[in-house]
Amino acid sequence: MKMCRLFLQLFLGLILLPGLAKPDPDPLQDYCIADTKSPLYLNGAPCLNPTLALSSHFTTSALAKPGDTKANQFGFSVTLTTLANLPGINTMGLTMARVDIAANGLVPPHSHPRASEVTICLQGVILVGFVDTSNRLFTQKLEPGDSFVFPRGLIHFLYNVEPKKPALAISGLSSQNPGAQIASRAAFVSNPPIPEVVLEKAFQISPQDVAKIRKNLGG
(Lines give C-alpha, C1' and ligand atoms only; values in the text may rest on other atoms or scores of the structure.)
Protein backbone atom coordinates (compact mmCIF):
# COMPACT_ATOMS: atom_id res chain seq x y z
CA MET A 1 0.00 0.00 0.00
CA LYS A 2 2.82 2.37 0.93
CA MET A 3 4.60 1.55 -2.34
CA CYS A 4 1.43 2.33 -4.30
CA ARG A 5 1.20 5.75 -2.63
CA LEU A 6 4.83 6.49 -3.54
CA PHE A 7 4.22 5.57 -7.15
CA LEU A 8 1.08 7.72 -7.18
CA GLN A 9 3.00 10.70 -5.78
CA LEU A 10 5.75 10.23 -8.35
CA PHE A 11 3.19 9.94 -11.16
CA LEU A 12 1.37 13.12 -10.06
CA GLY A 13 4.70 14.93 -9.71
CA LEU A 14 5.69 14.07 -13.26
CA ILE A 15 2.31 15.30 -14.51
CA LEU A 16 2.38 18.58 -12.59
CA LEU A 17 6.07 19.44 -13.04
CA PRO A 18 5.90 20.56 -16.72
CA GLY A 19 3.13 23.01 -15.85
CA LEU A 20 5.18 24.49 -13.03
CA ALA A 21 8.52 24.62 -14.84
CA LYS A 22 9.57 27.78 -16.68
CA PRO A 23 12.41 28.32 -19.17
CA ASP A 24 13.94 31.10 -17.07
CA PRO A 25 13.20 32.23 -13.49
CA ASP A 26 11.14 35.38 -13.05
CA PRO A 27 13.10 38.56 -12.19
CA LEU A 28 12.74 39.93 -8.67
CA GLN A 29 13.13 43.57 -9.72
CA ASP A 30 12.11 45.87 -12.59
CA TYR A 31 15.30 45.08 -14.47
CA CYS A 32 18.77 43.67 -13.95
CA ILE A 33 21.18 45.24 -16.43
CA ALA A 34 24.02 42.80 -16.99
CA ASP A 35 27.30 43.81 -15.39
CA THR A 36 29.46 42.20 -18.08
CA LYS A 37 32.67 43.27 -16.31
CA SER A 38 31.94 41.30 -13.14
CA PRO A 39 34.30 38.36 -12.46
CA LEU A 40 31.43 36.33 -10.98
CA TYR A 41 30.10 33.37 -12.99
CA LEU A 42 26.36 32.99 -12.44
CA ASN A 43 23.28 31.51 -14.10
CA GLY A 44 22.79 34.76 -16.00
CA ALA A 45 24.84 37.81 -15.03
CA PRO A 46 25.19 40.01 -11.93
CA CYS A 47 23.10 43.17 -11.89
CA LEU A 48 24.51 46.62 -12.47
CA ASN A 49 23.63 49.17 -9.79
CA PRO A 50 20.14 50.43 -10.84
CA THR A 51 21.25 54.04 -10.34
CA LEU A 52 23.68 53.53 -13.25
CA ALA A 53 20.95 52.39 -15.68
CA LEU A 54 20.79 54.18 -19.03
CA SER A 55 18.36 54.04 -21.95
CA SER A 56 21.20 52.69 -24.07
CA HIS A 57 21.22 49.52 -21.95
CA PHE A 58 17.79 48.64 -23.35
CA THR A 59 18.45 49.21 -27.05
CA THR A 60 20.64 47.62 -29.71
CA SER A 61 21.36 47.79 -33.42
CA ALA A 62 22.83 44.29 -33.47
CA LEU A 63 19.99 42.97 -35.65
CA ALA A 64 20.16 45.82 -38.17
CA LYS A 65 22.99 44.42 -40.31
CA PRO A 66 22.69 41.32 -42.55
CA GLY A 67 24.67 38.30 -41.45
CA ASP A 68 27.23 36.47 -43.59
CA THR A 69 25.38 33.53 -45.14
CA LYS A 70 28.60 32.34 -46.79
CA ALA A 71 30.21 31.53 -43.44
CA ASN A 72 28.87 27.94 -43.49
CA GLN A 73 27.97 25.29 -46.05
CA PHE A 74 24.24 25.59 -45.34
CA GLY A 75 23.85 29.22 -46.43
CA PHE A 76 22.43 30.85 -43.31
CA SER A 77 23.42 33.28 -40.59
CA VAL A 78 21.86 33.90 -37.17
CA THR A 79 22.55 37.12 -35.26
CA LEU A 80 21.45 37.11 -31.61
CA THR A 81 20.81 39.70 -28.96
CA THR A 82 23.22 39.00 -26.11
CA LEU A 83 24.20 40.48 -22.77
CA ALA A 84 27.09 42.16 -24.58
CA ASN A 85 24.97 44.03 -27.14
CA LEU A 86 21.75 44.36 -25.08
CA PRO A 87 22.59 44.20 -21.35
CA GLY A 88 19.06 45.25 -20.36
CA ILE A 89 17.76 41.85 -21.51
CA ASN A 90 19.40 40.14 -18.52
CA THR A 91 16.85 38.07 -16.48
CA MET A 92 14.02 38.94 -18.91
CA GLY A 93 13.85 35.42 -20.30
CA LEU A 94 14.04 36.64 -23.89
CA THR A 95 16.34 36.45 -26.90
CA MET A 96 15.80 37.99 -30.34
CA ALA A 97 17.41 36.59 -33.46
CA ARG A 98 17.91 37.84 -37.00
CA VAL A 99 17.91 34.92 -39.46
CA ASP A 100 19.42 35.55 -42.90
CA ILE A 101 19.07 32.72 -45.42
CA ALA A 102 20.75 32.74 -48.84
CA ALA A 103 18.90 31.66 -51.99
CA ASN A 104 18.16 27.94 -51.56
CA GLY A 105 19.82 28.21 -48.14
CA LEU A 106 18.83 26.14 -45.14
CA VAL A 107 18.81 26.52 -41.37
CA PRO A 108 19.26 22.77 -40.87
CA PRO A 109 17.21 20.65 -38.45
CA HIS A 110 18.12 21.80 -34.95
CA SER A 111 16.62 22.30 -31.51
CA HIS A 112 16.66 24.80 -28.64
CA PRO A 113 16.69 22.86 -25.35
CA ARG A 114 15.66 25.83 -23.22
CA ALA A 115 13.23 27.83 -25.38
CA SER A 116 10.17 27.91 -27.57
CA GLU A 117 10.51 30.11 -30.66
CA VAL A 118 8.19 32.24 -32.77
CA THR A 119 9.45 33.27 -36.21
CA ILE A 120 8.10 35.95 -38.52
CA CYS A 121 9.08 36.07 -42.18
CA LEU A 122 10.07 39.57 -43.29
CA GLN A 123 11.44 38.85 -46.76
CA GLY A 124 11.24 36.01 -49.26
CA VAL A 125 9.40 32.69 -48.97
CA ILE A 126 10.51 30.33 -46.19
CA LEU A 127 9.45 26.71 -45.73
CA VAL A 128 9.46 25.98 -42.00
CA GLY A 129 8.58 22.92 -39.96
CA PHE A 130 9.08 20.90 -36.80
CA VAL A 131 8.75 17.24 -35.83
CA ASP A 132 7.00 16.27 -32.60
CA THR A 133 7.89 13.35 -30.35
CA SER A 134 5.57 11.03 -32.28
CA ASN A 135 7.57 11.86 -35.45
CA ARG A 136 4.69 13.88 -36.91
CA LEU A 137 5.81 16.71 -39.19
CA PHE A 138 4.15 20.14 -39.04
CA THR A 139 5.20 22.38 -41.91
CA GLN A 140 4.16 25.66 -43.51
CA LYS A 141 5.36 27.99 -46.25
CA LEU A 142 5.78 31.52 -44.87
CA GLU A 143 5.52 34.72 -46.87
CA PRO A 144 6.30 38.24 -45.55
CA GLY A 145 4.19 38.92 -42.46
CA ASP A 146 3.48 35.24 -41.68
CA SER A 147 4.52 33.74 -38.34
CA PHE A 148 5.15 30.21 -37.07
CA VAL A 149 5.80 28.74 -33.62
CA PHE A 150 8.41 26.08 -32.84
CA PRO A 151 7.73 24.31 -29.51
CA ARG A 152 10.52 24.11 -26.99
CA GLY A 153 13.12 21.39 -27.55
CA LEU A 154 11.67 20.01 -30.81
CA ILE A 155 13.68 19.57 -34.01
CA HIS A 156 12.83 22.27 -36.57
CA PHE A 157 14.15 23.87 -39.75
CA LEU A 158 13.85 26.90 -42.06
CA TYR A 159 14.44 26.61 -45.82
CA ASN A 160 14.50 29.44 -48.35
CA VAL A 161 12.58 28.07 -51.33
CA GLU A 162 13.54 31.01 -53.55
CA PRO A 163 16.29 29.91 -55.99
CA LYS A 164 17.63 33.43 -56.62
CA LYS A 165 16.57 35.67 -53.72
CA PRO A 166 17.66 35.76 -50.07
CA ALA A 167 15.17 35.48 -47.21
CA LEU A 168 14.99 37.23 -43.86
CA ALA A 169 13.20 36.31 -40.65
CA ILE A 170 13.14 37.57 -37.08
CA SER A 171 12.66 35.16 -34.18
CA GLY A 172 11.82 35.60 -30.53
CA LEU A 173 12.90 32.88 -28.09
CA SER A 174 11.61 32.35 -24.56
CA SER A 175 14.98 32.17 -22.82
CA GLN A 176 17.94 34.43 -22.24
CA ASN A 177 20.10 31.44 -23.22
CA PRO A 178 18.01 29.17 -25.49
CA GLY A 179 20.91 27.03 -26.68
CA ALA A 180 21.06 25.53 -30.18
CA GLN A 181 22.06 22.09 -31.37
CA ILE A 182 22.19 21.18 -35.07
CA ALA A 183 21.17 17.53 -35.29
CA SER A 184 23.56 16.50 -38.07
CA ARG A 185 26.59 18.16 -36.50
CA ALA A 186 25.77 16.78 -33.05
CA ALA A 187 25.68 13.26 -34.48
CA PHE A 188 28.64 13.37 -36.86
CA VAL A 189 31.11 16.02 -35.70
CA SER A 190 30.91 15.86 -31.90
CA ASN A 191 34.12 16.14 -29.87
CA PRO A 192 35.17 13.48 -29.10
CA PRO A 193 33.37 11.72 -31.96
CA ILE A 194 30.53 9.27 -31.44
CA PRO A 195 31.85 5.75 -32.21
CA GLU A 196 31.36 4.83 -35.86
CA VAL A 197 29.53 1.62 -35.01
CA VAL A 198 26.89 3.64 -33.15
CA LEU A 199 26.30 5.91 -36.17
CA GLU A 200 26.27 2.95 -38.55
CA LYS A 201 23.57 1.20 -36.55
CA ALA A 202 21.56 4.33 -35.74
CA PHE A 203 21.40 5.58 -39.34
CA GLN A 204 21.74 2.20 -41.07
CA ILE A 205 24.73 3.37 -43.11
CA SER A 206 28.20 2.06 -43.95
CA PRO A 207 31.57 3.14 -42.51
CA GLN A 208 32.23 4.89 -45.83
CA ASP A 209 29.00 6.86 -45.43
CA VAL A 210 30.01 7.94 -41.93
CA ALA A 211 33.39 9.16 -43.17
CA LYS A 212 31.81 11.02 -46.11
CA ILE A 213 29.19 12.78 -43.96
CA ARG A 214 31.82 13.78 -41.40
CA LYS A 215 34.00 15.22 -44.15
CA ASN A 216 31.06 17.12 -45.67
CA LEU A 217 30.19 18.62 -42.29
CA GLY A 218 33.76 19.67 -41.58
CA GLY A 219 34.55 16.93 -39.09
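**Notes on the strands and aromatic rings**

1. Strand β3, which covers residues 106-111, is joined by three bridges to strand β8, which covers residues 156-160, and the two strands run antiparallel. Within this pairing, leucine 106 stands opposite tyrosine 159 in β8. Please keep in mind while reading that this is a predicted model.

2. The pairing of β3 and β8 belongs to an open sheet of five strands, whose order is β6-β5-β8-β3-β10 and whose pairing is antiparallel. The edges are taken by β6 (137-142) and β10 (181-182), and each of these has a single partner strand, so one side of each is left without a neighbour in the sheet.

3. Turning to the aromatic rings, a search of the whole structure finds five aromatic pairs. One of them is formed by phenylalanine 188 and phenylalanine 203, whose rings are 5.1 Å apart from centre to centre, with 40 degrees between the planes, and this pair is tilted. The pair links distant parts of the chain, since phenylalanine 188 lies in helix α2 (residues 183-188) and phenylalanine 203 lies in helix α3 (residues 196-203), 15 residues apart.

4. Are the two partners of this pair buried or exposed? Phenylalanine 188 counts as buried because its relative accessibility is 7%, and buried means under 20%. Phenylalanine 203, with a relative accessible area of 45%, is partly exposed.

5. Ring pairs also link Phe130, Phe138, Phe148 and Phe150 into a cluster.

Terms used: Residues are numbered from 1 along each chain as its sequence is written. This is a predicted model: local features need pLDDT of at least 70, side-chain atom pairs count only at pLDDT 80 or more; totals for chains, interfaces and linings use all residues. Side-chain values use heavy atoms; hydrogens and water are left out. Rings of Phe, Tyr and Trp (its six-membered ring) pair if their centres lie within 6.5 Å; planes under 30 degrees apart count as stacked, over 60 as edge-to-face and the rest as tilted. Helices (H or I, at least four residues) and strands (E, at least two) are DSSP runs, numbered from the N terminus. Buried means under 20% relative accessible area, exposed over 50%, partly exposed in between (1.4 Å probe, protein chains only). Two strands pair if DSSP finds at least two bridges between them.
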